[in-house]
Amino acid sequence: MVKGIFSPLEVSGNFFQRKYKKSSLVHSGGNRKMHCLIFLFLVINFSSRAANRYWVGPSSSSWHSTSNWSNTSGGSGGFSIPASTDVAIFDGGSTANCAINSGVEVLGILINNGYTGTITLSGGVSLVINSSGFEQTGGTFTGSGGDMYVQGPFDLVGGLFTTTGILDVEMVGNSAPPPDIYMGFEDPSEPLEPPFYRPANPNGTGNGCLETTTWNVYYVRDVCISPTVDVNHYAIERSTQQKRSGSHSLRFYLKPTPLNQWPGGGEATHRAELGPKYNSPVAHYPAAGEEVWYGLSYYFPNDFVFAPENIENDIRFVIAQWQHGSPGSSIIALEVIGDEIMLQRQTGNSTSSTWVTPDTITTITRGQWMDMVFRVRWSRTGGIVQCWVNGQQKLNLNNVQTVYNNLSNGGGLKPGIYYWRWKDQQSVQNTLNAGITHREIFIDEIRQYKGTNGYQSVAPGG
Ligand SMILES: [Ca+2]
């Protein structure tokens, strides 16, 4: 159980939900699965121990009169006023206003989209709602200084909710649907295959990319190390050095190719990532029109050296990208530029894309975990990219391109270090000049959920 107090609060629209989780205040889209779960919960209560009471009152009438309540929608009044084991239902059976002028305790309140009236909670009055919680999909609820205590789910799907009094919400635990993918890096059986080993070859050619090995059922290693150096110039390993939860996280490490070992005809070191596995039990590439939520937590060590901040310079690298499985750059990626994490986007076609000036998401705090949640609606023209950091919304892009014009799918999350600039000798020199000898980051609590309102399903947590 988690608990929080907010005041004042105003919420409107038909695609909104407000919840409280630990120390973070969360705004996110409507949740149809949640809606169905709550509805089922109410139905079970209706049939077992609770009574339904339907609002049938005349205009501007009082909650506190038996003549205004019925046992069926639109039925005759005269039934008991909803009490602590009853659910009060406002639907199309009466669209009249309702005034709560003295203290009320009910099992639940359900305001469905057939109700178009206004329910007013008067100042100084307490409204206690027990385990069935509060759900609103229509009408208007106005708290004019009265206080609400919700001992169950609080679910705003539509209508208008306003209160100037206390709103104290206690969510039922685990009410969010589980994620489709969860990686906490606690499983000692992962990685499923040992990393590929390849000896250094001073005359090596080619791109240096190692044979992929399976990390777990969802991911493979995707590593490119200069053929002239030993493969220990990288690491993707479970580590106890840092952890967001449990006792392990995943450590990513990459070292640039030494200038005196530069490959003559090949590519220098540039990649240590977990790549989408082609036969993963969860499909990695969402279709255009689908919405996917991603959660993960980053840790930059205290000795992480920030490069001089200049988005035009060479000293920047990717810490996650959403790879679409076709030739060409990822359409969205997270880059570290200076001391900030930015969202890098492309537009157009995958093989001839146009670079978009990155959007700053957050300044990096070294030595602390940063919890990140992303909502991505994959679309050629109506895409959405939203990002929250430690519970605060930092990015809200709407009607952007998140699927290339020549593709029919969006990207699969590919976490890790992609230092594409290190394929260039001058960039490595610039990196060394800035006092950067390697890159090391830790990632934990990776989650993925396909569907709407997935914040609670993917938010990093213990
Ligand atoms: Ca962990």
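Strand S12 joins strand S15 (residues 154-156) through three bridges, and the two run parallel; strands here are DSSP runs of E of at least two residues, numbered from the N terminus, and two strands pair if DSSP finds at least two bridges between them. In this pairing, Gln136 has Leu156 of S15 as its bridge partner. The model is a predicted one, in which local features need pLDDT of at least 70, side-chain atom pairs count only at pLDDT 80 or more, and totals for chains, interfaces and linings use all residues. Residue numbers start from 1 along each chain as its sequence is written.

Stay with S12 for a moment. Strand S14 (residues 147-150) also pairs with S12 in the parallel sense, over four bridges, and there Val128 stands opposite Tyr149. Strand S10 (residues 104-111) is joined to S12 (residues 126-136) by seven bridges, again parallel, with Val106 partnered by Ile129.

Now look for the open sheet of seven strands, ordered S20-S24-S33-S26-S27-S28-S29 with antiparallel pairing. Its edge strands, S20 (219-224) and S29 (352-363), each pair on one side only. Inside that order, S27 (residues 332-337) and S28 (residues 340-349) share six bridges, and Leu334 meets Leu343 of S28.

Finally, turn to the nonpolar cores, sets of buried Ala, Val, Leu, Ile, Met, Phe, Trp, Tyr and Cys residues joined through C-beta atoms within 7 Å; buried means that 20 or more other C-beta atoms, placed from the backbone, lie within 10 Å of a residue's own. The largest has 66 residues, and Val373, Ile417 and Ile441 have the most contacts inside it. A second, separate core of 34 residues includes Tyr54 and Tyr115.

Key:
Buried ≥ 20, exposed ≤ 12 C-beta atoms within 10 Å, placed from the backbone.
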